[in-house]
Amino acid sequence: MLEPDLAPDGSVDGITASPSAPGVVQPTGDGPQSRRRVQRTINFDRSVLERARAAATYLASFEPQSGVRSLADIVNPAVLAYVTELEELYNAGEPFRPVLRMPSGRPSKR
């Protein structure tokens, strides 16, 4: 198995890790954002995005009781549900350590 190359700043493959005492959660990267909502660029499969946009548009226009007024009202709960499932499966139900900066692009093949 190949060992990852360490960059001069101590990061591995573009991911910055902060050493901490056991049990102490420290985020990596720069300081946290102060806004409640942030804009990020992510890629969706075209068919998934088209279906979600159609659902958000229809529900916002014709089914106000659904509580869906935008695409974010569909995406945020779906992502939260999946992350919660991943935390249960891979991190004993605890939130993963905060990461404030993710490397861009596809992860390297290991």
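Colleague: Helices here are DSSP runs of H or I, at least four residues, numbered from the N terminus. With that in mind, in which segment is A92 placed?

Modeller: Happy to start there, and please keep in mind that this is a predicted model. Helix α2 covers 72-90. The place of A92 is in the segment after α2.

Colleague: How many helices and strands does the chain have?

Modeller: One of the helices is α1, which holds residues 46-62, and another is α2, at 72-90. Counting by type, the chain has two helices and zero strands.

Colleague: Thanks! Back to A92: is it buried or exposed, and what is its phi?

Modeller: A residue counts as exposed over 50% relative accessible area. A92 has 71% relative accessibility, so A92 is exposed. Its phi is positive although A92 is a residue other than glycine, with a value near 55°.

Colleague: How confident is the prediction, and what is the average pLDDT of the chain?

Modeller: Of the residues, 68% score at least 70, and the chain average is a pLDDT of 79. Over residues 1-21 the pLDDT is below 50, and this stretch has 25 contacts in the model beyond near neighbours in sequence. For the chain, then, the average you asked for is 79.

Colleague: What share of the residues is buried?

Modeller: To count as buried, a residue needs under 20% relative accessible area. The chain exposes about 10,000 Å², and carbon and sulfur atoms supply 56% of that area. Of the 110 residues, the share that counts as buried is 5%.

Colleague: Which kind of aromatic pair do Y58 and F62 form?

Modeller: A search of the whole structure finds one aromatic pair. Y58 and F62 form this pair, with 5.3 Å centre to centre and 40° between the planes. Planes under 30 degrees apart would count as stacked and over 60 as edge-to-face, so an angle of 40° makes the pair tilted.

Colleague: Why are Y58 and F62 separated by about one helical turn, and in which helix?

Modeller: Y58 is partly exposed at 43% relative accessible area, whereas F62 is exposed at 56%. The two are separated by about one helical turn because they are four residues apart in helix α1.

Colleague: Which residues form a nonpolar patch on the surface?

Modeller: One member, I42, is in the segment before α1. I42 counts as exposed because its relative accessibility is 54%. Together the patch has about 280 Å² of accessible area, and its residues are I42, F44 and V48.

Colleague: How far apart in space are A55 and I74?

Modeller: A55 lies in helix α1, where its relative accessible area of 28% makes it partly exposed. Along the sequence, A55 and I74 are 19 residues apart. In space, C-alpha to C-alpha, their distance is 8.6 Å.

Colleague: And which residues does L86 touch, not counting those up to four places away in sequence?

Modeller: L86 is in helix α2 and counts as partly exposed at 22% relative accessibility. Its C-alpha atom is separated by 9.3 Å from that of F96, 10 residues apart along the chain. Leaving out residues up to four places away in sequence, L86 touches N91 and F96.

Colleague: Last one: among contacts between residues at least 6 apart in sequence, what share joins residues at least 24 apart?

Modeller: A contact means heavy atoms within 4.5 Å. Taking the contacts in the chain between residues at least 6 apart, the share that joins residues at least 24 apart is 45%.

Technical notes. Residues numbered from 1 in each chain as written. Predicted model: local features only at pLDDT ≥ 70, side-chain atom pairs only at ≥ 80, totals over all residues. Heavy atoms only, no water. Phe/Tyr/Trp six-rings, centres within 6.5 Å; stacked < 30°, edge-to-face > 60°. Buried < 20%, exposed > 50% of the residue type's maximum accessible area, 1.4 Å probe, protein only. Areas by Shrake-Rupley, 256 points an atom, 1.4 Å probe, with all protein chains shown as cover. pLDDT = per-residue confidence, 0-100. Patch = residues over 30% accessible without salt bridge, like charges linked within 9 Å, V, L, I, M, F, W, Y side chains within 5 Å. Salt bridge = Lys/Arg side-chain N within 4 Å of Asp/Glu carboxyl O.
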